[in-house]
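Subject: A structure for you to look through

Dear colleague,

I am passing on a structure that I would like you to open beside this message.

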Amino acid sequence: MLFQIPAFLYLTDRELRFIATAGSEWAGLELELEGKLLHEVLGADAEPSRALAAHQRALGGEPASYETEWSHRLISVRVEPAFDEEGRCVGTIGIAAEVSARQREIEELRTNAERLRTLLETTPDAIYMKDGEGRWLEANEAGLQLFHFSRSEYQGLTDLELARRHAFFRDALLACYQSDQQAWAAGGPTRREEIIPQPDGDSRIVAVTKVPLLHPNGQRKGLVILGRDITRRRLAEQERARLLHQEKVARAAAEEARRRSEFLSSASRVLADSLDYDATLTAVARLGLPFLGEWCAVDLAGEDLRTSRVATAHAEPSKAGSARRLEECVPDLEVAGGIAEVIRTRRPLVLTPPPGGEGVPALCCHEGAHLDTVRELGLRSGLSVPLVARGRTMGTLTYASVRPDRYRDEDVRLAEDLAWRAALALDNARLYRESQEAIQARDEFLSIASHELRTPITALRLGIQRLLRLARGGAEPAWKTVAPSLEGIERQGKRLALLIDSLLDVSRLQSHRIQLDLEEVELSAVVRDVVEQFGGALARTHTPLSLRTEASVVGRWDRLRLEQVVTNLLDNAIKYGASAPIEVSVARENGGAVLTLKDGGIGISSERLPFIFGRFERAVSSRHYGGLGLGLYIVRQLVELHGGSIQVESSPGQGSTFTIRLPPHP
Ligand code: ADP
């Protein structure tokens, strides 16, 4: 029996001397082995050391095995200890058999499987295998770590069952289930990214590939799932994208800043181009278009917060007509959040349509079809900034755009910057215009003043020459003939003194150097005195005068200054009175006084009426009427110094009535 098996069996004693052998023919060994020592038989072509070591181990009581090449065959040798009845090791029992091809295959397979397992376990990628019903069969270490599962707890369970057990990964496992279904539906490999939150608060981003395996009949066999953790890569990508975005934003901001500064410097060049006020206004309106919108208006504020729209412009020439219609309107200062607020607060304002409405009401007044024009131009958002120069709010610069929500913070800043330059340019142009007007007024005044001074001087000289002639004639003149000349000289001298006093008063009033010398004054008496002094002038001009005075119109006033007031008014009433009767009255009123001077003369046109109390302001030509245009200015200043007021009612050809009211004391 033993001889039939393809093996070599032997028994040795403790010296490893062959005691009995079987199958040595199979092994290709010489027939007579008994009595020989193992190491003699093994010879040089075997691996005696491994063989001897195995036998030594067996002699030590432990079985051992080894493989060795023998005559180009792979031989597997197993050595066991041989015991006697008392359990003492007396030698070894060895069996050597050829390792068959099948065995070799199995061996190789085992090695490969082990390699594969090692590979699977050591790979950082997560690997899962599920059966056709979605039950987890295998998962490598990385795969288990992702869900914090231990090796024992997952096998044989589906995603849904695992989701029930692991509350934390519930959602992630349900998502896995969903994506498994998609993989099955696709019938081939699918790829997607899954985010698996981790108990430490972070999340892992995993690129998952699912490969469904099918039986030839189409039935589900299993699912292979490979997951690669791409969290770091994704974070790096996100960081790179963020940096890229940051850089882009910074570059865009730099480009925008460059464009804006270029825009501002070109605007400054335009503004510096002209000192002409109107040209500057037009330039200001055009300046920001289309950079800051499609339409622009310049509104200037008067002292009483009333505005006037002085210029508008539209970026498109074809719309200039419609845009101009908005120039006629004065923005409604009652509209909350409108231009008036910008003037009042000196702060920019973004203008928006009313909720649910169209058009921006704050851009115009609501009379006429102005709001329709705003709608027609499609203006849907606006920005109004104050025009402030040298601490004075001049008005507003308002832009409007067809784009809703057009104006951002940087636009507001840019418009403010532009408005600051525009206001300065406008103010410079205004100052230049005023200085030009002042120069012109000065020249005009000088020519009027020299004319005014020359007239009495000429008359004065004529009188003196007449007297000289009389003196040189040698004959004693009759005083009667001399008297008119002397009276004329006196009158002209007085006139000259009055003119010069007026000029001095103006300069004193302007520098607030006039002090009232207050005392108890009876106004009726003052007026009577002045009227008396004008007796000659009234007679010469054939002007009748009626005087009505109440008694005891008393107050603490400056007598001489009140005389000056009445003198100036009466002088004008005679000069412009066309010899029509003059009515003068003085009466008590509220403890103070009211003085009225009414003439029936040439009157004053309504256009000139608001100006006659101004310095050098006249409503007549100097060719027809002499005068410096200072009388009424001085009157008003003196009356106001007394705390009083002056009013005038007049119309051309109907005469004028001046009414002065004085409180009992200033
Ligand atoms: P002046 O008489 O020297 O021109 P005023 O300051 O006294 O200057 O008066 C200013 C202007 O007001 C005058 O030039 C004249 O046109 C107008 N005016 C003043 N008083 C009268 C009056 N009583 N009737 C008509 N016009 C007058």
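What follows is a short account of what was found, taken one region at a time.

Please keep in mind throughout that this is a predicted model.

I begin with a sheet. Five strands, in the order β12-β11-β15-β14-β13, form an open sheet in which the pairing is antiparallel. Because β12 (307–314) and β13 (349–351) stand at the edges and each has a single partner strand, one side of each is left without a neighbour in the sheet. From one strand to the next, the twist averages 20°.

Helix α9 (residues 277–287) lies across β11, β12 and β15, and runs at about 60° to β12, while helix α13 (residues 409–472) lies across β13, β14 (381–389) and β15, running at about 40° to β14.

A search of the whole structure finds 2 cavities of 30 Å³ or more, and the second largest cavity has a volume of about 120 Å³. This second largest cavity is lined by 15 residues, and Y128, F147, C176, E194 and I225 are the ones that lie nearest its centre. The elements that give two or more residues to its lining are β6 (126–131), α5 (141–147), α7 (170–186), β8 (190–197), β9 (203–214) and β10 (220–229). By type, the lining residues of the second largest cavity comprise 10 nonpolar, 1 polar and 4 charged.

There are pockets to consider as well, and the second largest pocket holds about 280 Å³ of space. Among the residues that line this pocket are E437, F445, R615, F616 and L628, and its lining divides into 6 nonpolar, 1 polar and 5 charged residues.

Finally, which residues of helix α18 (residues 631–641) are buried? They are L632, Y633, I634, V635, L638 and V639, and these buried residues of α18 pack against α14 (479–510), α17 (559–575), β21 (645–650) and β22 (656–662). Just after α18 comes G643, which takes a positive phi of about 80°.

A colleague

Methods: Residues numbered from 1 in each chain as written. Predicted model: local features only at pLDDT ≥ 70, side-chain atom pairs only at ≥ 80, totals over all residues. Heavy atoms only, no water. 1 Å grid on protein atoms, 1.4 Å probe; cavity = no way out; pocket = protein on both sides within 12 Å on 5 of 7 lines; lining within 4 Å. Points joined across faces, edges and corners; volume = space filled by probe spheres on them. Helix = DSSP H or I, 4+ residues; strand = E, 2+ residues; numbered from the N terminus. Nonpolar A, V, L, I, M, F, W, Y, C, P; charged D, E, K, R; others polar. Pairing = 2+ DSSP bridges. Axes fitted to C-alpha atoms, helices over the stretch in contact; angles between N-to-C directions. Contact = heavy atoms within 4.5 Å. Buried < 20%, exposed > 50% of the residue type's maximum accessible area, 1.4 Å probe, protein only.
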